[in-house]
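Open the model in your viewer and keep the selection tool ready.

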Amino acid sequence: MKKSSRIIQATLLILITAGILWLLRDVDFEQTLPVIRGMDFGLLAVVFMLSAGNIFLYALRWHVLLRATGHGIAFKNVLIATISAIAINTSGPGKLGVPAKAFVMKKLE
C-alpha cells in the first residue's frame, strides 16, 4: 500500500474517532442504558440486514452499468466505493458522495 494511502487512512481513522468522542461527550449513560436494554435486537438485526442488502444491490447496479460501458472494475472495488459514497452523503453536506465515489473507484482501479 502506498504511503499516501496509509496517511489518508490514518487521518480518517483519527477524524472518525474524534467525531465519535465529540458526539458522546454529553451522553448521559445512566438514562441511555435502560433504553438500550429495552430495544428489540431481532428487529434491529432485520433492519441492518435490509440495509446491507440495499447497499449490495446499489453496488451491483453500478457494477452492471460500468461493465456495460467496457470498464472492467471489480465488484469489490465498486462495493467499497459505494459504501464510501453513502457514508459521505449521510455525514456530509450536499451530494459529496458522487465525486467521492468516482475518486475512490479511480484510486482502487
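The residues lining the largest pocket divide into ten nonpolar, four polar and two charged. This is a predicted model, and the pocket in it has a volume of about 600 Å³. To find the pocket, select Ile8, Gln9, Leu12, Ser84 and Val104, which lie nearest its centre among the 16 lining residues. Then colour helix H1 (3–24), H4 and H5, the elements that each give two or more residues to this lining.

Next, go to the second largest pocket, with a volume of about 190 Å³. Select Tyr58, Trp62, Leu66, Ile73, Ala85, Ile86, Asn89, Gly97, Val98, Lys101, Ala102 and Met105 to show its lining. Here the elements that give two or more residues are helix H3 (41–68), H4 and H5. Which helix gives the most to this lining? H5 does, with five residues. By type, the lining of the second largest pocket has nine nonpolar residues, two polar and one charged.

Now look at how the helices pack. Two packed helices are described by the angle between their axes and the distance between the axes.

Show helix H4 (residues 75–91) with helix H5 (residues 97–108): their axes come within 8 Å and cross at roughly 150 degrees. Angles over 145 degrees count as roughly antiparallel, so H4 is roughly antiparallel to H5. The crossing of these two helices is right-handed. For the contact, select Asn77, Val78, Ile80, Ala81, Thr82, Ser84, Ala85, Ile88 and Asn89 on H4. Coloured by type, the contact residues of H4 and H5 come out as nine nonpolar, five polar and one charged.

The axes of H3 and H4 come within 9 Å and cross at roughly 125 degrees. H3 and H4 are therefore oblique to each other. H3 passes H4 in a right-handed crossing. From H3, select Ile55, Phe56, Tyr58, Ala59, Leu60, Trp62, His63 and Leu66. Their partners on H4 are Phe75, Val78, Leu79, Thr82, Ile83 and Ile86.

Note on methods
Residues are numbered from 1 along each chain as its sequence is written. This is a predicted model: local features need pLDDT of at least 70, side-chain atom pairs count only at pLDDT 80 or more; totals for chains, interfaces and linings use all residues. Side-chain values use heavy atoms; hydrogens and water are left out. Axes are lines fitted to C-alpha atoms, for helices over the stretch in contact, and angles run from 0 to 180 degrees between N-to-C directions. Helices (H or I, at least four residues) and strands (E, at least two) are DSSP runs, numbered from the N terminus. Angles under 35 degrees count as roughly parallel, over 145 as roughly antiparallel, 65 to 115 as roughly perpendicular and the rest as oblique. A crossing is left-handed if the near helix is turned anticlockwise from the far one by less than a right angle, and right-handed if clockwise. Contact means heavy atoms within 4.5 Å. Ala, Val, Leu, Ile, Met, Phe, Trp, Tyr, Cys and Pro count as nonpolar, Asp, Glu, Lys and Arg as charged, and the others, Gly among them, as polar. On a 1 Å grid over the protein atoms alone, a cavity is a set of points where a 1.4 Å probe fits but cannot get out, and a pocket is an open set with protein on both sides within 12 Å along at least five of seven lines; lining residues have an atom within 4 Å of a point. Grid points are joined across faces, edges and corners, and a volume is the space filled by probe spheres set on the points.
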